[in-house]
Amino acid sequence: MISPPASEKTEIAGDARKVSVAQVLVYELRVRDAMSKPPITAAPTESLRSIQHLMKEHRFSGVPITENGTLLGLISIEDIINALDHGHINDPAAAHMTRGLVTLRDHYSLLRAVAEFDRHGFGRFPVLNTSDRLVGMITRGDITTCLMQHLEKRAEEALAHEARLRATHTADEAAQRVVIRAPVRTGDYDSAGKISQRMRQLLRDRAIDPEIRRRAAVVAYEAETNIIIHSLGGEVSVTIDPDQVVIEAVDVGPGIDNIEQAMQEGWSTAGRLPRELGFGAGMGLPNMRRCSDRFEVVSDSDHGTRVRSEIHLRKAGAPST
Amino acid sequence: MRTQNPIKLRPLLATLRAEVLTDHVPEEITGGYCSDLLSDVLAHAEPGVLWLTVQVHRNVVSVAAMKDVAAVLLTCGRKPDSASLAEADEAGIALLTTPLSTYEAAGKLWEAGL
């Protein structure tokens, strides 16, 4: 015989332990949570007629008769009907009330209360506290209403909890740093824009202002094409933080002879092929600087060129600072 | 260049003798921009414009996407390769072609009120 795998066993055990929310509530909730309180009571000297009015007014089917907070008996709707039938509606309650009542304690669980309803078949129970004082009345309807209210509350709490989790998740995501890093090859014109496209998507996911997204895209695209056109190969990295994106282009050479000249619009050292493709307008570095909040070029013939651009991020619709 | 009021693109297609090459075409354009230099477009094109160019390689689509250009009108009867076309469809950038030169096409657009 093959024994089931451990994970399956755990699952079965988990299933057996699964208890519905309603079941838990029936254990957790007490009679005092569901009962109507304070109880509407009548004195033993009160007439059945006035108790009938009391029932009508409060839509009760039973009124407990008390004296100084001690339960003496109960007048039910049947007692009133009998009194009308037999013409003793003006008699005092004490003469016709049901005595020796079965009562529930306010600390009983609702599960026990339901069992008592089933056992006795009564429509209502008076509820006593541990000092034997009448503190409320309970019906099956009270129990149902109480359970429904608590189920609803639990459901709302669960939804709120879920929403909070989602919000935290989103916040985590936004707080997360994302880094895109990719090699860029010389002359690989067909791959130009791959990194900036990915970055654009990430910035869009973060609901960054479209104008800022476009600026970042221009910088990333120019960074990529600069390496493709001018360098011996390099790498572009994009680091997205909640408040800024940093685009860095590093190549292995040959380096820029005169950065000041390279920063002038229209100055280009691009060859014929890139120019035919529409590159080499001599606007790459100036474009990048214009679109950046902070911009830096370091270059020498030994180590190649490192371009760093910083762009401050702002959500769409957020006020500019 | 960007006009104050967006203008419907479809009615202009006949005037431009333009053919739509991509699956979709934008409803409106907010202006036009003529350039064959990608960096120049990156620097100066406004979002939502119609970009007129003779360049047809896939970087045109990339640049158009970067700048949220509405559509690209390839002039002088230029046609993109299938890679550019597929990329344009994916990026939601409309590609159009016209036998007119950039100068003629821009003139027609200007006359039409763009």
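**Note on a predicted two-chain model**

1. In this predicted model, A:R294 counts as exposed because 12 other C-beta atoms lie within 10 Å, and a residue is called exposed if that number is 12 or fewer. A:R294 belongs to strand β9 of chain A, which covers residues 294–300.

2. Where chains A and B meet, 19 residues of chain A are in contact with 18 residues of chain B. On the side of chain A that touches chain B, the elements giving two or more residues are α8 (194–205), α9 (210–230) and α12 (284–291) of chain A. Of these, α9(A) supplies the largest share, namely six residues.

3. Turning to chain B, strand β3, made up of residues 28–34, is mostly covered, with five of its seven residues buried. This strand runs parallel to strand β4 (residues 50–53) of chain B, and three bridges join the two. Between β3(B) and β4(B) the chain passes through helix α2 (residues 38–44) of chain B, and the β-α-β crossover formed in this way is right-handed.

4. A reader who wishes to find the pairing of these strands in the structure may ask which residue stands opposite B:L52 in β4(B). The residue to look for is B:C34, which stands opposite B:L52.

How values were computed. Residues are numbered from 1 along each chain as its sequence is written. Chains are lettered from A and ligands numbered from 1 in the order in which they are written. This is a predicted model: local features need pLDDT of at least 70, side-chain atom pairs count only at pLDDT 80 or more; totals for chains, interfaces and linings use all residues. A residue is buried if 20 or more other C-beta atoms lie within 10 Å of its own, exposed if 12 or fewer, and partly exposed in between; C-beta atoms are placed from the backbone. Helices (H or I, at least four residues) and strands (E, at least two) are DSSP runs, numbered from the N terminus. Two strands pair if DSSP finds at least two bridges between them. A crossover is right-handed if, with the strands pointing away from the viewer, the path from the first strand over the helix to the second runs clockwise. Two residues are in contact if their C-beta atoms, placed from the backbone, lie within 7 Å.
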